[in-house]
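Here is a short briefing to read alongside the model. Have the structure open and follow each topic as it comes up.

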Amino acid sequence: MLDETERDGSGNLAEWMQPFRSGFTTPTWQHVMVLVIGAILVPGRRTIASALRVMGLDQAPYFTNYHRVLNRNNWSARWLSCRLFGLLVAAFVPGASLSLHRS
């Protein structure tokens, strides 16, 4: 029998997103996962409001916390993009040496 994580598929997504986990604090990471799942599921425009709506959280009293993920929480888009680039290079050019320098 499948447990709750396996049933809703979020366990697989969390595993797939794990390389990006260290780019966020624990509370922010929980909000990021909800927004990512919502963005995958929502048809049409992918806004925070629409992602929350599809997740059933559009009326939650704490929904502003999800908006803070993008505009106030401490995370680095540069770090995340470098991480993604490194993963893409490793996947498509196995054995390649990659050195990213910050300018």
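Leaving out residues up to four places away in sequence, T28 touches V69 and N73, where a contact means heavy atoms within 4.5 Å. T28 sits in helix α3, and its relative accessible area of 6% means that it counts as buried; buried stands for under 20%, exposed for over 50% and partly exposed for in between, with a 1.4 Å probe and protein chains only. This is a predicted model, in which local features need pLDDT of at least 70 and side-chain atom pairs count only at pLDDT 80 or more, while totals for chains, interfaces and linings use all residues. Residues are numbered from 1 along each chain as its sequence is written, and side-chain values use heavy atoms, with hydrogens and water left out.

- The side chains of T28 and T25 are joined by a polar contact of 3.0 Å. A polar contact is a pair of N or O atoms within 3.5 Å; within protein, one must be able to donate a hydrogen and the other to accept it, and residues adjacent in sequence count only if both atoms are side-chain atoms.
- S50 belongs to helix α4, residues 48-54, and counts as buried because its relative accessibility is 8%.
- A polar atom of the S50 side chain lies 2.9 Å from the backbone nitrogen of T47.
- Apart from neighbours within four places in sequence, S50 is in contact with V42 and R45.

**Overall build**

- The protein has six helices and zero strands; these are DSSP runs numbered from the N terminus, with helices being H or I of at least four residues and strands E of at least two.
- Of its 103 residues, 24% count as buried.
- Among contacts with a separation of 6 or more, 41% are between residues 24 or more positions apart.
- The protein exposes about 7,600 Å², and carbon and sulfur atoms supply 57% of that area, as computed by the Shrake-Rupley method with a 1.4 Å probe; for residues, only the protein chains shown count as cover.

**The largest pocket**

- The largest pocket holds about 360 Å³ of space. On a 1 Å grid over the protein atoms alone, a pocket is an open set of points where a 1.4 Å probe fits, with protein on both sides within 12 Å along at least five of seven lines, and lining residues have an atom within 4 Å of a point.
- Its lining has 17 residues, and those nearest the centre are M17, F24, V32, V36 and L70.
- Helices α3 (26-41), α4, α5 (64-71) and α6 (77-92) each supply at least two lining residues, and α3 gives the largest share, with four.
- By class, the lining has 14 nonpolar, two polar and one charged residues. Nonpolar covers Ala, Val, Leu, Ile, Met, Phe, Trp, Tyr, Cys and Pro, charged covers Asp, Glu, Lys and Arg, and the others, Gly among them, are polar.

- L70 is in helix α5 and is exposed, with a relative accessible area of 54%.
- L70 and V32 are 38 residues apart along the chain, and their C-alpha atoms are separated by 9.3 Å.
- Beyond neighbours within four places in sequence, L70 is in contact with I48 and W75.
- V36 lies in helix α3 and counts as partly exposed, at 21% relative accessibility.
- Setting aside neighbours within four places in sequence, V36 is in contact with L13 and M17.
- The C-alpha atoms of V36 and A51, 15 residues apart along the chain, are separated by 8.0 Å.

Definitions and conventions. Points joined across faces, edges and corners; volume = space filled by probe spheres on them.
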